[in-house]
Every structure is written in C-alpha cells, then in structure tokens.
Amino acid sequence: MELEKSSQNSSELELLSFRLADEEYSVDIMSVREIRGWTRATPLPHAPYHVRGVINLRGTVLPVVDLSVRLGMEPVEGDARNVIIVVQVGSQTAGLLVNAVSDILALPRTELQPPPELAADAAHSFIEALTIVDGRMIRVLDLSAVLPDDNVEAA
Amino acid sequence: MATDPMAEIRASFFVECEELLESLQDALSDMDEGSHDNETINVVFRAVHSIKGGAGAFGLNALVAFAHRYETVMDEVRCGRMEITPEAMKLFFQAADFLQDHVRAARDGAPPPDGSEPCLVALEALMGGAPVVEEVEEVTDFQPMGLSFDFGPADEETTPSQPVWTVRFKPTAALYASGNEPLHLLRALAKLGTCTTRCETDDLPSLEELDPEGAYVTWVVEITGDVTDFDIREVFDFVEDVCELEITSGGADAAVGGFDLPPLDGLEGADPLSADPFAGTPGSEPMLELPSDLPGMPAPTPVAAPPQNPSALEMNNPPSLNELSATPAPTEAPIAAAAPAPAPAASTGPGASVPSGNPPAAKENSSEPSATVRVDLDRIDRLVNLVGELVINQAMLAQSVAEAGLPPNSAVMTGLEAFMMLTRDIQDSVMMIRAQPVKPLFQRMGRIVREASSAVGKDVRLRTEGETTEVDKTVIERLADPLTHMIRNSVDHGLETPDKREAAGKTREGVITLSAQHRSGRVVIEITDDGAGINRPKVRAKAIEKGLIAPDAQLSDSEIDNLLFLPGFSTADQVSALSGRGVGMDVVRQAIQGLGGRITIHSEPGKGTRFSISLPLTLAVLDGMVVNVANETLVVPLSSILETATLTDDDIRALGPNTNVIHVRGAFVPLYDLGAELGYRAPMESYAGGIVLLTAQENGTRSALVVDSILEQRQVVIKGLQRSYGHIPGVAAATILGDGQIALILDPADLVSNASGRTRSQSFALAG
C-alpha cells in the first residue's frame with residue numbers, strides 16, 4: 001500500500017510509528033515512500049550484519065536494513081507479519097525491516113524533546129527526538145544515521 | 001527539445017563543429033605522420049574554414065576571429081608557402097585544441113578561453129610575414145542561408161568633411177555561390193559611417209551573353225566617418241577570398257564611372273540582395289518590389305517571380321528585361337542577375353533547391369555520406385530500460401509457462417521460443433545503438449598528451465590503435481577521467497626526460513600507445529609507454545615510508561606494482577602541476593571498478609609500463625550461468641567460464657593445510673568454494689562429486705569455483721547495487737530472476753583476488 005503524502009504545516013509533524021521488538025519507534029512520514037509486505041531478501045556477502053540483503057522493488061535493487069539489528073537488538077525473524085518500510089533520505093532509498101507498523105501520529109513539533117545523553121546505548125545515536133503519546137514513549141529515528149553510509153563503507 | 005528554430009540550428013551547428021574538429025584532428029594526425037599531400041591539408045583548412053563560416057552566421061565573433069587567423073596560417077600551408085615542421089605541427093595541434101575550446105565556449109555561452117593569443121601569435125610568426133594573397137578561386141563550402149530582408153539603419157547623405165574611404169568591391173561568382181550577400185556587406189559598411197554607394201555595371205554583358213551565375217557588378221562605396229582600414233576589412237572578412245576588394249583612402253575615385261545609388265534607405269525593397277541568384281527561391285521573404293518611380297522601369301512588375309517560373313517572368317515582362325542591361329536604373333544590376341537565374345541555378349549544387357530556412361551550417365563536402373539520425377540519449381536510455389524490463393518479463397513468462405507443465409512441442413512453447421529469439425535480437429540491436437567507437441575519447445587523450453608533455457618538457461607521441469572499437473556510450477564517458485589521469489601519469493612518471501632517454505639508448509621522443517580491442521566478450525584498453533618502467537625499489541621504499549606495508553614484507557614484483565593503486569600513493573619526488581597530488585591510481589581503479597572493469601599493470605624495467613583496463617561491453621545485459629550455492633542463486637558471467645566439470649576424489653589435491661588445487665587437463669588450478677568465499681557456509685568436508693566452474697581471466701589465470709548445482713544458462717539484465725555498500729568483493733552487480741528474486745552477479749576475477757582460498761574444513765574452526 002502506498003501512503004499518501006499529505007501536506008502539512010511546519011508546526012505539525014506526522015510520524016509513522018512501528019513496533020520493533022516490544023518498543024515503539026517512528027519516522028517522519030514524509031520520508032516514507034511505501035510499505036511492503038515481507039519478502040525474502042537476497043543476502044549480500046561481506047555486508048554489515050544489519051544489512052539483511054537486497055529485494056526487488058519493481059525492477060530496482062533495494063537494500064534492506066534490519067532495523068532491529070541496526071539498533072543493537074535481536075534480528076527480526078522475518079515472517080509474513082513483518083513489513084518493510086521503504087524510506088528515502090536524500091537520493092538514497094532503502095527498506096527498513098520492522099516487526100509491524102502500528103500507527104500514524106500527528107503532533108506539534110513542540111512536543112518533541114531531544115533524547116538525553118546516555119553513552120551506554122548504541123541506539124541512542126540513532127534517535128533524533130522523543131515524545132509521549134497516550135502515555136507511550138515514541139522514539140523518532142534519525143534516518144540518515146540508520147541508513148548505510150555512502151562514504152564510510154565505499155572507502 | 002528547444003522549440004526555437006534558431007536554437008535548433010545553432011545546436012546542429014555545434015554538433016557539426018564537433019565532427020569538423022574530429023576530422024581536423026584526424027587530418028592533423030595524418031600530417032604529423034608525414035602525409036603532407038594537398039588533400040590532407042585541405043581537410044584541415046576546410047574544417048577550420050567551415051567552423052569559421054558557421055560561426056560567422058551566428059555572430060560568434062571570438063570564434064570567428066580565432067578561426068580566421070588559424071585559417072590564414074593554414075592557407076599559407078596549403079599554398080605551399082610554409083614548411084611543415086614538427087614545431088609547426090605542434091602549434092597546429094595546439095591551435096586545434098584552442099579552436100575546440102573556442103567552440104565549446106561559444107556553445108556554452110562562456111567567455112572565450114584565455115591563452116589562445118600567444119598560440120596565434122606563434123602561428124603567425126611561422127608565416128614569417130608572408131603576404132596574404134587572396135584566393136579568388138576558392139569555393140567555400142557552406143550552404144546559402146536564408147536571409148531576412150530588413151534594412152539596417154542607413155545613414156543620410158552628408159557632405160564628406162571627415163576622412164573618406166573608397167571601397168571598391170567586386171564580388172566574384174564564388175561569393176554568390178557560397179551564399180554570401182553583398183547587401184549585408186554594404187549594410188555593414190553603412191553602419192561604419194555615412195556611405196555613398198555606386199554600382200558599376202560596365203562589365204555587364206547583354207542578356208543573351210549573360211551567365212546567370214556570373215558576377216558582373218562592382219560597388220563603389222564612399223564612406224565618411226571615423227573609420228579605419230581595419231574596420232572596413234573586417235566587414236569583408238568572410239568574402240575577401242571570393243571578391244576583389246580595393247580600399248583606398250581619399251575622395252571619390254575619379255576613374256569609376258558608375259551611377260550614383262540613392263542612399264540605402266532610399267532603396268527600400270529594391271535591394272541589391274537579389275543579385276544573389278538564389279535569393280528569389282520560393283519561401284524566402286517578400287520579393288523585390290520595385291519602386292514605381294524608378295527611371296526606365298515599367299510599373300511595378302513581378303520581377304522576382306519564383307525562379308522556377310522563368311516563362312512567367314518573361315511573359316510578364318519581356319521589355320523590361322531587355323531594357324535592363326542598358327537602363328541606368330540603380331536596381332539594374334540586381335535585376336539583371338536575378339531574372340535569368342532560375343533554371344540553371346536549380347541544376348547546380350548548393351542553394352537553388354534549398355529552402356530559405358535551411359541552416360547556414362557548414363557542410364563538409366568531402367566527408368562520405370552516411371545516413372544518420374541524431375537521437376536524444378534519454379530516449380535511447382528509456383528504450384534500453386524498457387527492453388531490460390521486457391527481458392525480465394519474458395523470463396517470468398517462460399517460467400510460468402514451464403510451471404504450467406505444457407508439453408515442449410505445444411504451440412505456446414514454440415511461440416515462446418520465437419519470442420525469446422526476438423527479445424534477444426531487440427536487445428542486441430538496442431545495445432548497438434548505444435555502442436560508440438572510442439575514437440573521440442582517444443582524440444581527447446591526444447590533447448592531454450600534448451598539454452602534459454609540454455608542461456613537463458618531454459617529447460611525447462601518442463599512438464592509437466583500434467579506434468573503431470565500439471563500447472557502450474556510458475563506459476566511454478566514464479572512462480574519460482581515469483584515462484586522462486593515467487595518460488598524465490604516463491607522461492609525467494612513466495616516460496623519462498629526453499636526455500635520460502638518449503642516455504638509455506632510446507629515441508628522445510617517448511611513445512605512449514593507447515589501444516582498444518575486443519577480447520573474450522570484454523573491451524581491453526591498454527596504455528603502454530616505452531619509459532623506464534616501474535622503479536620497484538623506489539615504490540617499495542615509498543610504501544614503507546608511508547606505512548602502507550611493513551618494512552619486512554616480502555612482495556612479488558606484481559604485488560609491488562599493485563601498490564600504486566593504494567590510496568595516497570605517489571612516487572613522484574616532486575609534486576608537479578600534472579600529477580602527484582596523491583589522488584592517483586586508487587581513484588582510477590575505483591572508477592574502473594565502478595564500470596565493472598579491472599585494471600592491471602605490467603612493467604618491465606627500462607622498457608616501459610603497460611596498464612590494461614578490461615571493461616564489459618555493455619552495462620546493461622550479460623550472458624550468465626545461473627548456479628545454486630548454499631541455497632542462494634548466483635549468476636556467473638558466461639564469458640568468464642571455460643568449462644564445467646564434476647569433481648572426483650582423484651582430481652582434488654591438497655596444496656596446503658587450508659587450500660586445494662584440482663588437476664585439470666594437465667594443469668593445477670586453485671579450488672575456491674563459492675559458498676565459503678561469499679560467507680554462506682563453512683568449507684565442506686569433501687568436494688568429491690561437486691560441480692566446478694572453470695574460469696579464466698584476461699591474464700590467463702584459471703581458477704575453479706565450486707557450486708552446488710547449475711540451474712540454467714540465460715541472459716540477465718544487470719542492475720547496479722546501490723553505492724551505499726561500496727564495493728562488495730567478488731560481486732559485480734545484481735539481476736532480477738524470473739521469479740522476481742534478486743540474484744547476485746559474480747565477478748570471478750575479483751572474487752579470486754579477494755579470496756581466502758580456504759577449501760578445507762579442518763581449518764574452519766581456527767578461522768572462526
């Protein structure tokens with residue numbers, strides 16, 4: 001299914017929230033291109049562990065990142081319930097493998113707060129902001145940090 | 001696409017410029033190799049001349065000025081008044097390079113390039129002040145252009161109080177034949193100052209004797225105003241070879257017995273333009289309308305009827321025509337020339353049948369005609385993509401038909417087979433469209449060599465071989481930078497200085513050979529210099545100094561050579577303007593790998609160095625063998641597979657604790673387990689009964705790859721892996737199989753060079 005990119009004013013932020021292990025994360029909906037059901041990815045040899053492989057997205061080769069591994073958790077198992085969120089950051093497109101998509105949230109930007117500095121957690125550097133919705137803490141991911149870095153790995 | 005017709009004409013002019021520049025380079029190379037025959041020199045001359053002509057039509061003054069001076073020098077050569085020395089050749093090449101810069105600058109609307117002046121001055125110095133003799137007989141070779149008949153602001157008559165110039169301008173037939181237009185020249189003169197124009201018609205024969213394509217009239221223009229001789233010459237810049245021109249300062253020439261023409265603006269409509277035999281071509285602007293008050297003329301008559309209707313013209317107006325030759329009307333000459341023009345004009349080459357909107361582009365008469373169509377590259381790419389999709393689709397269809405379990409001789413299967421053949425043909429044809437000869441690329445390199453060698457003070461000759469080898473356009477484009485870099489390196493580092501060369505018993509002139517050829521389904525481009533070869537001790541020392549290798553590392557010669565490809569490596573003692581900035585061969589190698597290619601060095605001390613670049617023919621499809629390894633589907637390029645075999649225990653010999661070789665046809669070939677090399681599984685206990693693909697590389701090295709099973713052999717569409725993963729060792733690209741799954745395309749040579757070679761399971765535990 002293709003999500004419609006709704007226009008929004010700058011004070012409001014729309015987030016696509018999804019479940020990863022038992023926790024709730026989200027990304028800016030403007031960077032989401034589509035959501036796909038689980039397909040088996042072709043593994044890439046010598047690729048980083050979090051790169052699950054590549055899938056065929058209507059004729060183009062799309063790398064899939066296991067977001068759970070990327071954030072330092074157990075790999076997503078990969079069955080029919082899991083989904084791949086196709087995101088675009090700049091010119092880079094990638095799929096994020098997550099457990100399940102849960103919700104679309106609209107909230108004012110003022111409700112976002114920067115994450116506290118905690119050095120012990122790898123996931124911390126991937127999180128752009130935190131917010132509370134209905135008593136649940138939602139982490140807003142920094143996509144450019146999550147996706148494979150052109151420069152570092154190409155060198 | 002631009003809708004402005006002028007923009008299109010302009011674009012086609014620049015495309016033709018590129019072609020002319022190419023033929024210019026070719027001819028110069030021929031001259032350089034000693035063919036000083038007239039035809040070769042003429043090609044050079046014509047190319048420059050045609051560019052100048054076209055540029056003039058677009059008012060590209062800087063380009064015109066440069067081309068003109070270049071052309072003047074070439075004309076000297078053509079007339080045999082100048083000797084062709086190596087120094088002269090160098091200057092000719094340099095000037096050709098500058099001409100190219102000028103063309104590019106003009107095309108992009110950029111300011112003209114700097115530094116062309118010294119080159120021109122040096123060129124002109126070669127002429128040694130030889131007098132420029134006008135070539136009356138010259139036939140210029142561009143087509144007539146359509147002209148608009150608007151009049152420029154003409155000046156009123158004034159009393160000649162300021163300096164007076166008298167310009168006697170007698171066009172030859174060639175001037176008209178080349179599409180030049182006296183009116184424009186006269187008008188340009190009129191802009192310089194106040195003009196009084198007279199037309200001399202003494203030479204005009206009677207109508208019966210008149211050659212319709214001849215030129216009989218002479219204009220005498222007196223210009224008053226602040227005008228220099230140069231200004232006037234400039235006006236006639238383009239036509240000075242095809243007219244007789246006298247420019248004298250002082251009052252009216254008493255010897256001229258012509259008729260006073262009214263000032264230009266009084267001529268409104270009855271312009272001398274029609275002296276051009278082709279001006280009356282249908283489709284051009286409103287025809288000549290004669291003012292009715294002209295003496296000796298009957299009422300306004302359709303004098304300028306379309307040339308195709310000579311009879312109509314004569315019927316309507318016989319008396320006037322007869323009268324014309326004797327009538328002292330200002331418009332007499334033009335009409336006389338225009339009226340009889342039609343029929344013969346149509347029979348002669350340029351012009352007559354050309355509609356007025358035709359581009360004033362320069363046409364190279366000598367180039368052999370080959371019908372070509374210029375197509376936007378985007379359209380071809382779209383076609384290539386579509387065909388790629390078609391191939392995938394066809395594969396999917398074939399798969400589902402196979403799954404449906406239809407008998408092999410059913411109509412569907414036969415039809416599908418025909419479909420497959422067609423798809424393949426289409427694909428081949430589409431790929432052919434994109435293929436282009438490497439010649440333009442090599443010509444660019446000629447320039448790089450010239451520039452680089454003069455910068456470092458070495459004598460270098462570039463030899464090219466296999467220029468007609470065709471390669472995918474994208475490959476050619478993306479090859480330009482790495483090749484430039486390597487050529488510069490060869491000039492700067494590879495070749496010695498002339499003195500050192502002499503001391504080594506070589507010619508002072510270094511030779512760099514650039515060759516291209518097809519070899520086993522790939523294109524191999526080689527850059528060979530006859531320099532000193534790689535100084536291995538120095539390379540080694542440098543690598544140790546830079547901490548790239550351990551001081552006690554044992555390296556083979558080729559390993560040392562390959563150190564050049566390490567990032568940040570530069571052997572030049574001094575950083576020159578050309579190279580040695582440390583972004584060197586590693587960037588080159590990356591670029592080549594990005595194209596799915598490989599680069600290897602072969603060097604012999606004292607004899608030279610050879611860089612071989614091996615590239616895939618196309619970036620879009622390849623024939624591959626689909627294999628299965630540890631439940632993963634992989635594609636191995638068919639071009640790299642020599643044979644396939646099933647292993648027996650006897651074939652396998654242990655080489656070391658971790659490695660095996662197999663014994664095939666009297667040779668030992670290293671064994672690689674694809675599954676283990678790609679990290680899909682641990683090396684197996686025994687490879688007996690396994691299937692191996694025997695692969696060969698360009699350099700002849702063979703290797704055996706173990707796979708689980710061979711699925712099929714088919715054509716696959718290459719899909720690039722996103723750059724985000726950088727270079728995956730052993731993997732060239734990916735493709736989409738009939739079932740929609742992605743399969744990786746292997747690069748066996750790269751795989752082997754990065755391989756561990758571990759094919760014995762006992763060591764696996766150690767390796768972790």
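Biologist: Which residue in S3(B) is the bridge partner of B:Cys199?

Modeller: This is a predicted model, in which local features need pLDDT of at least 70 and side-chain atom pairs count only at pLDDT 80 or more, while totals for chains, interfaces and linings use all residues. Residues are numbered from 1 along each chain as its sequence is written, and chains are lettered from A and ligands numbered from 1 in the order in which they are written. Strand S2 (residues 194-200) of chain B runs antiparallel to strand S3 (residues 218-224) of chain B, with seven bridges between them; helices (H or I, at least four residues) and strands (E, at least two) are DSSP runs numbered from the N terminus. Within S3(B), the partner of B:Cys199 is B:Trp219.

Biologist: How many of the seven residues of strand S2 of chain B are buried?

Modeller: A residue is buried if 20 or more other C-beta atoms, placed from the backbone, lie within 10 Å of its own, exposed if 12 or fewer, and partly exposed in between. Strand S2 of chain B is mostly covered, and the number of its seven residues that are buried is six.

Biologist: What share of the residues in chain B is buried?

Modeller: Chain B contains 23 helices and 23 strands. Of its 768 residues, the buried share is 41%.

Biologist: How far apart are the end C-alpha atoms of helix H1 of chain B?

Modeller: Helix H1 (residues 5-32) of chain B has 28 residues, and the expected span of a helix is 1.5 Å times one less than its number of residues.

Biologist: Against which helices do the buried residues of H1(B) pack?

Modeller: The buried residues of H1(B) include B:Phe13, B:Cys17, B:Leu20, B:Leu21, B:Leu24 and B:Leu28. An α-helix has 3.6 residues a turn, so residues three or four places apart point the same way. Contact requires C-beta atoms, placed from the backbone, within 7 Å. The partners of these buried residues in chain B are H2, helix H4 (86-108) and H15.

Biologist: Is B:His49 buried or exposed?

Modeller: B:His49 belongs to helix H2 (residues 38-57) of chain B. An unreviewed UniProt entry annotates it as "modified residue: Phosphohistidine"; such positions are given in the numbering used here, feature names are shortened, and annotations may be inferred rather than shown by experiment. Because B:His49 has 25 C-beta neighbours inside 10 Å, it counts as buried.

Biologist: At about what angle does helix H15 of chain B run to S7(B)?

Modeller: Strand S7 belongs to an open, mixed sheet of chain B with the order S7-S9-S10-S12-S11; two strands pair if DSSP finds at least two bridges between them. Strand S7 (460-465) and strand S11 (598-604) of chain B each have a single partner strand, so one side of each is left without a neighbour in the sheet. Axes are lines fitted to C-alpha atoms, for helices over the stretch in contact, and angles run from 0 to 180 degrees between N-to-C directions. Helix H15 (residues 439-456) lies across S7 and strand S9 (510-519) of chain B, and its angle to S7(B) is about 170°.

Biologist: Which residue in S12(B) is the bridge partner of B:Ile525?

Modeller: Eight bridges link strand S10 (residues 522-529) and strand S12 (residues 608-616) of chain B in the antiparallel sense. In S12(B), B:Ile525 has as its partner B:Ile613.

Biologist: Which strands stand at the edges of the five-stranded sheet in chain A?

Modeller: This open sheet has mixed pairing and the order S8-S1-S2-S10-S9. An edge strand pairs on one side only, and those of chain A are strand S8 (100-108) and strand S9 (127-133).

Biologist: Which residue in S10(A) is the bridge partner of A:Thr131?

Modeller: S9(A) and strand S10 (residues 136-141) of chain A run antiparallel and are joined by six bridges. In S10(A), the partner of A:Thr131 is A:Ile138.

Biologist: Near what value is phi of A:Asp134?

Modeller: A:Asp134 lies in the loop between S9 and S10 of chain A. With 7 C-beta neighbours inside 10 Å, it counts as exposed. Its phi is positive, in a residue other than glycine, and is near 50°.

Biologist: Is A:Ala21 buried or partly exposed?

Modeller: A:Ala21 is in the loop between strand S1 (12-20) and strand S2 (23-28) of chain A, and its phi has a positive value near 55°. Because 14 other C-beta atoms lie within 10 Å, A:Ala21 is partly exposed.

Definitions and conventions: Two residues are in contact if their C-beta atoms, placed from the backbone, lie within 7 Å.
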